[in-house]
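Here is a short briefing on side-chain contacts. It covers charged groups and aromatic rings.

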Amino acid sequence: MTTTPAEDGDDVRIRQAVQADLLAVLRIERASFDQPWPFSAFERYLGDPGFLVAVAREESSGYLDGDGNESVVGYVVANLVPNHGRAFGHVKDIAVHPEYRGEGIGGGLLERALTVLGTRGAQSVKLEVRASNDRAVGLYREFGFEYLRTVPRYYDDGEDALILVVDLDE
């Protein structure tokens with residue numbers, strides 16, 4: 001399993017998710033979203049190269065993995081979907097532990113996910129984001145994502161989703 005440092009520091013690295021990470025991922029998911037994914041949704045993506053976690057060596061914060069030697073501080077779930085005969089990437093879920101936000105971890109996870117999708121043949125990648133999530137939209141724009149369309153009432157609370165896409169070939 002390969003690991004890489006996250007964008008901003010030596011204390012955080014990114015690696016593929018393993019079974020022992022799932023409880024920590026679920027806790028971050030629940031702390032981050034009003035409509036969290038269930039545990040089984042994350043289980044389904046185990047072994048997928050686009051299911052990545054950011055882990056910190058510090059044991060004082062974050063959520064410890066099953067071995068108790070690293071704190072999971074963020075994750076991304078991204079995969080390939082068929083699209084008229086060509087691979088299309090989809091960033092399905094991404095979140096960072098509240099205590100670690102603003103440190104570049106989300107950007108590091110997104111960058112690594114886009115790299116994984118590109119090496120697996122994706123020419124373009126899409127994602128959905130709440131229309132009101134200015135911080136996330138700003139991050140995605142930094143990575144070249146552009147607005148494609150709005151999906152009205154996408155979320156259970158009635159909020160719209162923005163569909164953003166980026167071409168990896170550019």
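**Side-chain contacts in brief**

A network of salt bridges links Arg130, Asp157 and Glu159. A salt bridge here is a side-chain nitrogen of Lys or Arg within 4 Å of a carboxyl oxygen of Asp or Glu. The model is predicted: local features need pLDDT of at least 70, side-chain atom pairs count only at pLDDT 80 or more, and totals for chains, interfaces and linings use all residues. Residues are numbered from 1 along each chain as its sequence is written, and side-chain values use heavy atoms, with hydrogens and water left out.

**Arg130 and its partners**

- Asp157 and Arg130 meet through their side chains in a salt bridge of 3.0 Å, N to O.
- Asp157 lies in the loop between β8 (146–151) and β9 (161–167), and Arg130 in strand β7 (residues 124–130), so the pair ties together parts that are 27 residues apart in sequence. Strands (E, at least two residues) and helices (H or I, at least four) are DSSP runs, numbered from the N terminus.
- Arg130 is buried, at a relative accessible area of 18%. Buried means under 20% relative accessible area, exposed over 50%, and partly exposed in between (1.4 Å probe, protein chains only).
- The charged end of Arg130 also sits over the ring of Tyr155, 4.1 Å from its centre. The rule for this asks for NZ of Lys or CZ of Arg within 6 Å of the ring centre and within 35 degrees of the ring normal.

**Other salt bridges**

- The structure has five salt bridges.
- Arg15 and Asp21 form one of them, at 2.7 Å, N to O. Arg15 is buried at 5%, and Asp21 is buried at 0%.
- Glu128 and Lys126 form a salt bridge at 3.7 Å, N to O. Glu128 is buried at 17%, whereas Lys126 is partly exposed at 24%.

**Aromatic rings**

- Rings of Phe, Tyr and Trp (its six-membered ring) pair if their centres lie within 6.5 Å; planes under 30 degrees apart count as stacked, over 60 as edge-to-face and the rest as tilted.
- By this rule there are six aromatic pairs.
- Trp37 and Phe42 make a tilted pair, 5.0 Å centre to centre with 40° between the planes.
- Phe42 and Tyr75 make an edge-to-face pair, 5.5 Å centre to centre with 85° between the planes.
- Phe42 lies in helix α2 (residues 39–45) and Tyr75 in strand β5 (residues 71–83), so this pair ties together parts that are 33 residues apart in sequence.
- Phe42 is buried at 0% relative accessible area. Tyr75 is buried at 0%.
- Ring pairs join Trp37, Phe42, Tyr45, Phe51 and Tyr75 into a cluster.
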